[in-house]
Amino acid sequence: MSDVKFFSGESVPLEMHKVRMVQRVNLLPVEERLKCMGEAGFNTFLLKNRDIFLDMLTDSGVNAMSENQYAAMMRADDSYAGSETFFRLEEALQDMFGMKYFLPAHQGRACENIIAQTLVKPKPKSVALMNYHFTTTKGHIIQNGGSVEELIGDDGFKIQSDEPFKGDIDIAKLNEAIKRLGKEKISFVRIEAGTNLIGGQPVSMRNMREVSRICRGENIKLIFDASLLADNLYFIKTREAEFKNTGLKEITREMGSLMDVIYFSARKLGSARGGGIVTSDDGMFAAMRELVPLYEGFLTYGGMSVREMEAMAVGLHETLDIDVISQTPIFVEAMCNELQAKGVPVVMPPGGLGCHLDAKQFCSHVPQKQYQAGALASALYITSGVRGMERGTLSEQRNEDGSEILAEMELVRLALPKRVFTLSQIKYTVDRVAWLFENRRLIGGLEFVEEPKVLRFFFGRLKPIGNWPEVLAQQFRKDFGESL
Ligand code: F0G
């Protein structure tokens, strides 16, 4: 983000950090990668880390931590109740969002459990309105007898768009939904920062202000999922003209003033492991507080290790440093631009979190029912040792009658955990994706052999329809010779 121009005129995403600890990675020969993919049931979640070259599954819990975060872990105050660590973290959050209360939880979905249990009602079935769901968010709402309605603007699903804030809630759809359902039926409105499943796409402050105004007018609770706030902050700063010269803390404070409840996965926000809920709403705080000791742990640790809480407090503070938060978005942008220049369909404009391949176009010859994005993620691992994540139909849950929900988007997410990969590793990935795109006709479909009912993408097992993975591996060997 620091304004560094190259004499060559080249646009290079320059790291504003140096690497002082490393982890060895393995790149297996293609024949072994093929075998590993088979053993993992063509589900990249079931691969073993030792068999992966570049792990782009997620940024969750795998962001690089800073020296200050590691240093802070050493002073963690390990007591069951009333630890100093808790008060340091509470203060960091109060300072960031200007909210009164903090409830700790072991990760993001634990916060979702608490919020859903507090606000979702089965009879009559309440509806949660949101820009777009995240898998675990929807899981908890459904588990509590509610349902989800998505209000993303029309550009949200467009792979190619000029809209800088594709994560915005469509205000006309929000007004219409409130009118149609009546506010009593609405459990809450939820805004997800850096909207994950549509390609890490940001929400504008303008939109947050408008949604907040409507919710306050109707007395509907507004919940903010800040898990991907770091990227979203970067985009507000760089794409929303009004904030060009505004400090990042001022922006997070304004967000805090607009929301009733903010929750986050600290596996993402703050680059540690854990989660939390902040609010200034006395009623919400009292109701949610009862659930923390029941599901998480005592109120001053909430299921987290105090060492992680210390790392989180520092990580949250570092989120307000533009040089820290810009690294992922500028790398994602460089990766998307290179892939697009090679004709590979990727979600544009580039979002945060990672580069998203559009499997609907990439594998247009594979029927969507045969899990285009799942097949592409498997094919990419075989081709490169790079692990991505399916974000499409496989990540949906079937309807109650057993029919498939075909996802709006079939994406393969190549997540870039914060400050983990180098530019040469990105270039390697781009190169292998480009080869796979040239050879995309070799990719075939998948079908389930073992299908869990809930969150099936985590541990479901599939098999290829036909012997396409073998053919793909043979073609790789033919084109690359001895190369890994
Ligand atoms: N909300 C969002 C927007 C998320 O991206 C995640 C997790 C959660 C909530 C749940 O948090 O994992 O700490 O329980 N996203 C991870 C991912 C799993 O890979 O994108 P959690």
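Biologist: What do the buried residues of α1 pack against?

Modeller: They pack against α16 (372–384) and α19 (468–480), where contact is C-beta atoms, placed from the backbone, within 7 Å. Before we go on: this is a predicted model, with local features needing pLDDT of at least 70, side-chain atom pairs counting only at pLDDT 80 or more, and totals for chains, interfaces and linings using all residues. Residues are numbered from 1 along each chain as its sequence is written. Helices are DSSP runs (H or I, at least four residues), and strands are E runs of at least two, numbered from the N terminus.

Biologist: Which residues of α1 are buried?

Modeller: Val30, Arg33, Leu34 and Met37. Buried means 20 or more other C-beta atoms within 10 Å of the residue's own, with C-beta atoms placed from the backbone.

Biologist: And why do they line one face of the helix?

Modeller: Down the axis of α1 they fall within an arc of 105°, so they line one face; the arc is taken over directions from the helix axis to the C-beta atoms.

Biologist: OK, what follows α1?

Modeller: Glycine 41, with a positive phi near 60°.

Biologist: Switching topic, which residues in α9 are buried?

Modeller: Leu248, Thr252, Met255 and Gly256, in a helix spanning 248–258. Their arc around the axis is only 100°, which puts them on the same side of α9.

Biologist: What covers them?

Modeller: The cover includes α3 (84–97), α7 (205–218) and β6 (222–225).

Biologist: Last one: what does leucine 380 touch?

Modeller: Leaving out residues up to four places away in sequence, leucine 380 touches Val386, Gly388, Val412, Val433 and Leu436.

Terms used:
Buried ≥ 20, exposed ≤ 12 C-beta atoms within 10 Å, placed from the backbone. Contact = placed C-beta atoms within 7 Å.
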